[in-house]
Amino acid sequence: MSEMVDIVDSLENKISKLLRKLELLQQSRKNLEGEVAALKEARDTAREAADKWEEKYNSLKMANSMLGSETNKSEAKLKINALIRELDQCIVQLAE
């Protein structure tokens with residue numbers, strides 16, 4: 001009978017240890033999910049900032065080419081032609 005009690009006690013101890021480990025793992029999981037959410041938000045913010053800087057860079061490059069920079073003159077002409085084509089398409093759509 002004593003042997004049975006020892007086995008039950010041993011099982012209780014093991015179960016309580018497993019439950020404690022489960023609690024710790026669940027807590028760790030919650031912490032990691034929070035970190036993932038924070039990192040995703042930081043990544044999205046960085047992407048937005050990079051997109052804004054790229055847009056500013058392209059605008060500056062275009063402005064420089066319009067001011068007479070020889071390196072980007074053909075690019076500026078292409079951009080202007082593309083804008084004119086877009087305007088023409090808008091006018092056609094409005095006329096319909």
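**Close-up 1. Salt bridge between Arg29 and Glu33 in the predicted model.** The side chains of Arg29 and Glu33 meet in a salt bridge, with an N to O distance of 3.3 Å. Both residues belong to helix 1, where a spacing of four residues places them about one turn of the helix apart. Arg29 counts as exposed, because its relative accessibility of 56% lies over the 50% cut-off, whereas Glu33, with a relative accessible area of 42%, is partly exposed.

**Close-up 2. Salt bridge between Glu23 and Arg20.** Here the side chain of Glu23 meets that of Arg20 in a salt bridge of 3.4 Å, N to O. Glu23 and Arg20 are three residues apart in helix 1, which comprises residues 2-66, and so they are separated by about one helical turn. Glu23 is partly exposed at 46% relative accessibility, and Arg20 is likewise classed as partly exposed, at 47%.

**Close-up 3. Salt bridge between Asp44 and Arg43.** In this pair, the closest N and O atoms of Arg43 and Asp44 are 3.4 Å apart, and the contact is a salt bridge. Asp44 has a relative accessibility of 33% and therefore counts as partly exposed, while Arg43, with a relative accessible area of 39%, is also partly exposed.

**Close-up 4. Salt bridges across the whole structure.** A search of the whole structure finds three salt bridges; among the residues taking part are Arg29 and Glu33, Glu23 and Arg20, and Asp44 and Arg43. In general, side chains of opposite charge can pair when their charged atoms come close.

Conventions:
Residues are numbered from 1 along each chain as its sequence is written. This is a predicted model: local features need pLDDT of at least 70, side-chain atom pairs count only at pLDDT 80 or more; totals for chains, interfaces and linings use all residues. Side-chain values use heavy atoms; hydrogens and water are left out. A salt bridge is a side-chain nitrogen of Lys or Arg within 4 Å of a carboxyl oxygen of Asp or Glu. Helices (H or I, at least four residues) and strands (E, at least two) are DSSP runs, numbered from the N terminus. Buried means under 20% relative accessible area, exposed over 50%, partly exposed in between (1.4 Å probe, protein chains only).
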